[in-house]
Amino acid sequence: MQRQIFTEEHDAFRETVRAFLAKEVLPYYEQWEQDGIVSRDAWLAAGRAGLLGLAVPEEYGGGGSTDFRYSAVLAEEFTRAGAPGLAIGLHNDIIGPYLTGLATDEQKRRWLPGFCSGETITAIAMTEPGAGSDLQAIRTTAEDKGDHWLLNGSKTFISNGILADLVIVVAKTTPDGGAKGLSLIVVERGAEGFERGRNLDKIGQKSQDTAELFFNDVRVPKENLLGELDGAFIHLMTNLAQERMGIAVAAIAAAEHLLEITTQYVKEREAFGRPLAKLQHIRFEIAEMATECAVTRTFLDRCIVDHSDGVLDAVHASMAKWWATELQKRTADRCLQLHGGYGYMSEYKVAKAFTDGRIQTIYGGTTEIMKEIIGRSLLA
């Protein structure tokens, strides 16, 4: 079906993204995978290409557009290229809204120009060894010491954890406040007592640095409180819909791309003297995946438009996230099976997509959490 949500401006931006990938990412990606981290030069190149800070006001060096369709184009093209390591979506769509929506004018002047140029790489530190989706279990504390915060605790599974120059840390500022006693504290590179642990060894997305972070009596200036004191829970809930949409957009793009390369493969691969595509079972498999992708794409495109218009709610974002990521996981498994033994070889795109995409049903809120959000909304 012909997609109808993009304009000529979006199409031109898509060509810009493809050119950037071809020049600045794909020639170096294999090395980044081996290194376990991308080059900072790639972030600077992304800034020069205008790919960072799409929604940041122009006065700070950003694109000045809140049209989520541009973010969707980025997510789709990076997914099709098999290059999730350069986490521009995390930077733009997850962390960006906290800085543009909550930062003071002084904080914006301090942080946003580097955010847009690629000189300042960002991360958000929520997850702890004993606290994932349950924010009430967070143990990291930020104690008010009058002229500064004293930050203590640890975080894990932090994307951009090694490269990050600016980390938004979710910390407990009111000990007995539960989820409503949390605040967002911004820690900058070089702060005394801020240490990075291992660059974690994952089964996929090898070039995306994911790290443990440790905070040992870190003195954070009072002016690095982001948003309201004890307001982190509301701030986090406000921005989760966009995070989940970004994941969902990448998920359907991945499923569609897997279907494309597998369709081509079964046309070329022969078994028992004829192409696999001549076997009824193979045709049924392709038919089922094509139908599931087409139906999901229709819903996702509607969600993209609704989010661009500011009317997408958390429930439909949760629907999009769990459905599209589970479809991606299911499609990756079926496509790998259709590739046979070759599908298990790392040199084949389907193998890499299988391992890179497995995290999609977990981060940004697990499938189970998404269903809980939807169920509560219907049965409250």
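The model is predicted, so local features are described only at pLDDT of at least 70 and side-chain atom pairs only at pLDDT 80 or more, while totals for chains, interfaces and linings use all residues. Residues are numbered from 1 along each chain as its sequence is written, and side-chain values use heavy atoms, with hydrogens and water left out.

We begin with the interior. In soluble globular proteins, nonpolar side chains tend to be buried together. A nonpolar core is here a set of buried Ala, Val, Leu, Ile, Met, Phe, Trp, Tyr and Cys residues joined through side-chain atoms within 4.5 Å. Buried means under 20% relative accessible area, exposed means over 50%, and partly exposed is in between (1.4 Å probe, protein chains only). The largest nonpolar core has 58 residues, and F78, L86, I88 and M245 have the most contacts inside it. At least two residues of this core come from each of the helices α1 (8-25), α2 (29-35), α3 (40-48), α4 (68-80), α7 (232-268), α8 (280-308) and α9 (314-339). Helices (H or I, at least four residues) and strands (E, at least two) are DSSP runs, numbered from the N terminus. Helix α7 gives the largest share of the core, 11 residues.

Take F78 as an example. Neighbours within four places in sequence left aside, F78 is in contact (heavy atoms within 4.5 Å) with V17, F20, L21, A83, L86 and I88. Another core, of 26 residues, lies apart from the largest one, and its members include V56, I94, L112 and I138.

Helix α11 covers residues 367-379, which is 13 residues. From its first C-alpha to its last, α11 reaches 18 Å, close to the expected 18 Å; the expected span is 1.5 Å times one less than the number of residues. T367, M370 and I374 of α11 are buried. Seen down the helix axis, the buried residues of α11 fall within an arc of 65°, so they line one face of the helix. The arc is that of the directions from the helix axis to the C-beta atoms. On the other side of α11, E368, R376 and L379 are exposed. Helices α7 and α9 are among the parts that cover the buried residues of α11.

One stretch of the chain carries an annotation. The unreviewed UniProt entry labels residues 123-218 "domain: Acyl-CoA oxidase/dehydrogenase middle". UniProt positions are given in the numbering used here, feature names are shortened, and annotations may be inferred rather than shown by experiment. Over residues 123-218 the model has 0% helix and 50% strand, and the end C-alpha atoms are 17 Å apart.

F157, in strand β3 (residues 148-159), has a positive phi of about 60° although it is not a glycine. F157 is exposed, with a relative accessible area of 58%. D217, in strand β7 (residues 210-221), is not a glycine either, and its phi is positive at about 50°. D217 is partly exposed, at 47% relative accessibility.

The last topic is charge pairs. A salt bridge is a side-chain nitrogen of Lys or Arg within 4 Å of a carboxyl oxygen of Asp or Glu. The structure holds 29 salt bridges. In one of them, D301 pairs with R3, and their closest N and O atoms are 2.8 Å apart. D301 lies in helix α8 and R3 in the segment before α1, so this pair ties together parts that are 298 residues apart in sequence. D301 is buried at 8% relative accessible area, whereas R3 is partly exposed at 27%. Both residues belong to a network of salt bridges that links R3, R14, E15, R18, E76, E77, E256, R297 and D301.

R40 forms a salt bridge with D165, with 2.7 Å between the closest N and O atoms. This pair also links distant parts of the chain: R40 is in helix α3 and D165 in the loop between β3 and β4 (166-172), 125 residues apart. R40 is partly exposed at 30% relative accessibility, and D165 is buried at 13%.
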